[in-house]
Amino acid sequence: MPDPILQTHGLNSYYGDFQALYDVELDVGEGEVLAIIGANGAGKTTLMRSITGLLTNGPCQILYRGQDISRLRADEVAELGLAMVPEGRQLFPSLSVKENLMIGAQVGRKGPWDLKAVYDLFPILEERKDQASTSLSGGQQQMVAIGRALMANPDLILFDEVSLGLAPIIIKDIYEALPGIIGEGMSAIIVEQDITKALSVSSRVYCLQEGRVSLESASDTVSREDISRAYFGIE
Amino acid sequence: MEWLNAIVQGTLLGGLYALFAAGLSLIFGVMRLVNIAHGDLIVLAAYLGLTVTTATGMHPMAALVIVVPAMALIGYALQRGLLNQTLGDDILPPLLVTFGLSVIIQNGLLEVYTADPQTLNAGALETASVAVGGVALGILPLLTFGIAIAVIWGLQWTFYHTALGRAFRAVSDNQDIAQLMGLNRRHIFGLAMALALGVTAIAGILLGIRTSFDPSIGGGRLIFGFEAVIIGGLGNLWGTLVGGVILGVAQTIGAKIDPGWQVLAGHIAFLVILAIRPNGLFPRISG
């Protein structure tokens, strides 16, 4: 396996007094696409918030290219080349489509992604660039959210539930676009409830259950039975 | 003609109130912080102007070159060092802390400058006027109104056409996601407060040239600023100018009827508008 770009060691995360993650051990290889699945409340989004620095963690629990990032603020983590497409898209309502994309470039990292590259990927966004981001359809908003993350030219990109609340046809479009996005040497973590979709684009899969890793496997060899067991915790 | 005069003078006075209000509006818009110490910061700026003019012999308008950056610096330090720590889901801590700050500034000013009323000496600018159609327009009020328009236009432009303005709006929309985009909200808030206090510095100097001031008058300026913001509608800077003008006109008309009614008439106009349109005339932010 290639050197890990991201590793977690005994990651414990808390929401106030409530512990949401227990001793999570996880690694993402350079250029690898990792899928994380799990039921609602299993801790997937908490894991994303911990990695991106929106939740603070204990020291040395998260390493990015060997550097301890567990205590960094989210903007400092972003500058290192880690971007997220957040759950529920979370565009900035008072910014236009174009401004939303430009905010993504705020970290100032160089790379192949700029406004033109994003418009080439999602031509509809160029037509709608001056509209309020809230006036777009759900699928188009998801394109803005993905474009916004790409504008940071990240080395590791996190997709949190990109298919949530979208029509199946749109989900299909987005997943067809994903290999082209990730193909450029980027690593990715894809958090997904749609297990088939998650397995189809990833090389390895982790399953979370009640805050613990219940399964780690190669995506192409994992069996449905293993997933059911890891997902629901039943024999 | 006397009534026309009252309306025109009130309109120009509204420019000063809009300057009082612009900083308040900006801060509330970006970080939902209600700054109770805003009026005292205006008075602090006037006193800084006094120190600069007496120490260097500069004209008060020229002193802006020093006072505006100084207030901006104070704003950034205040935000990073104190106010950021009070921001959160609860709106009460910033209210209490800025209230405390208001008391500290007032007493600090009393200690340093005593309670004696002071003015900024602007020479001929204070009394010069031009006659337009039988109404004498003071150069200072005209200048104040012009500056108010320029400041509001400048803030508006900053908000909608610069990277800084984009960052202000993004952080105002969603702090967590803005942070994910590499925007450190603590720094952005610091810049917003610096900008707001830069505007406050202009307001303070113009106030100091127009009337005498002492350490206790901050509260009154805060109320006028609040009223202009609320009348105009939250989050709308041009609305704030309209709010300032309505307040100014109500005051001069009130004073025309009976000199004792000046301040009261402004408050009554504010209450009437609040009763008819609780969100102000041109609201942009709901809630």
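Mentor: Helices (DSSP runs of H or I, at least four residues) and strands (runs of E, at least two) are numbered from the N terminus. The place of A:Asn153 is in the loop between helix H6 (138-150) and S7 of chain A. The model is predicted, so local features need pLDDT of at least 70 and side-chain atom pairs pLDDT 80 or more, whereas totals for chains, interfaces and linings use all residues. Residues are numbered from 1 along each chain as its sequence is written, with chains lettered from A and ligands numbered from 1 in the order in which they are written.

Trainee: Does A:Asn153 count as buried or exposed, and how do you know?

Mentor: A residue is buried with 20 or more other C-beta atoms, placed from the backbone, within 10 Å of its own, exposed with 12 or fewer, and partly exposed in between. A:Asn153 has 22 C-beta neighbours inside 10 Å and therefore counts as buried.

Trainee: Where is A:Glu210, and what is its phi?

Mentor: A:Glu210 lies in the loop between S9 and S10 of chain A. Phi of A:Glu210 is near 50 degrees, a positive value in a residue other than glycine. With 14 other C-beta atoms within 10 Å, A:Glu210 is partly exposed. The hairpin that holds A:Glu210 has two residues between S9(A) and S10(A).

Trainee: How do you know that S9(A) and S10(A) pair?

Mentor: Two strands pair if DSSP finds at least two bridges between them, and six join S9(A) to S10(A), so the two are paired. S9(A) and S10(A) run antiparallel, and A:Val205 stands opposite A:Ser217 in S10(A).

Trainee: What joins strand S3 (residues 33-38) of chain A to strand S8 (residues 187-191) of chain A?

Mentor: Four bridges join S3(A) to S8(A), and the two strands run parallel. A:Ile36 stands opposite A:Val191 in S8(A).

Trainee: Which strands of chain A make up the open sheet, and why do some stand at the edges?

Mentor: The order of the six strands is S6-S7-S8-S3-S9-S10, with mixed pairing. Strand S6 (82-85) and strand S10 (212-218) of chain A each have a single partner strand, so one side of each is left without a neighbour in the sheet. From one strand to the next, the twist averages 20 degrees.

Trainee: Why are H3(B) and H4(B) called oblique to each other?

Mentor: The axes of helix H3 (residues 60-86) of chain B and helix H4 (residues 92-113) of chain B come within 7 Å and cross at roughly 140 degrees. Angles under 35 degrees count as roughly parallel, over 145 as roughly antiparallel, 65 to 115 as roughly perpendicular and the rest as oblique. H3(B) and H4(B) are therefore oblique. B:Leu82, B:Leu83 and B:Thr86 of H3(B) meet B:Pro93, B:Pro94 and B:Val97 of H4(B) in this contact (C-beta atoms, placed from the backbone, within 7 Å).

Trainee: Which residues have the most contacts inside the largest nonpolar core?

Mentor: They are B:Leu19, B:Val67, B:Ala192, B:Ile202 and B:Ile205, in a core of 160 residues. Such a core joins buried Ala, Val, Leu, Ile, Met, Phe, Trp, Tyr and Cys residues through C-beta atoms within 7 Å. Helix H8 (residues 185-210) of chain B gives the largest share, 16 residues. Among the residues that B:Ile205 touches are B:Ala45, B:Gly49, B:Val67 and B:Leu120.

Trainee: How many residues does each chain give to the contact between chain A and chain B?

Mentor: Chain B gives 13 residues and chain A gives 21. On the side of chain B, helix H6 (163-173) and helix H7 (175-180) are the elements that give two or more residues.

Terms used. Axes are lines fitted to C-alpha atoms, for helices over the stretch in contact, and angles run from 0 to 180 degrees between N-to-C directions. Two residues are in contact if their C-beta atoms, placed from the backbone, lie within 7 Å. Lists of a residue's contacts leave out its neighbours within four places in sequence.
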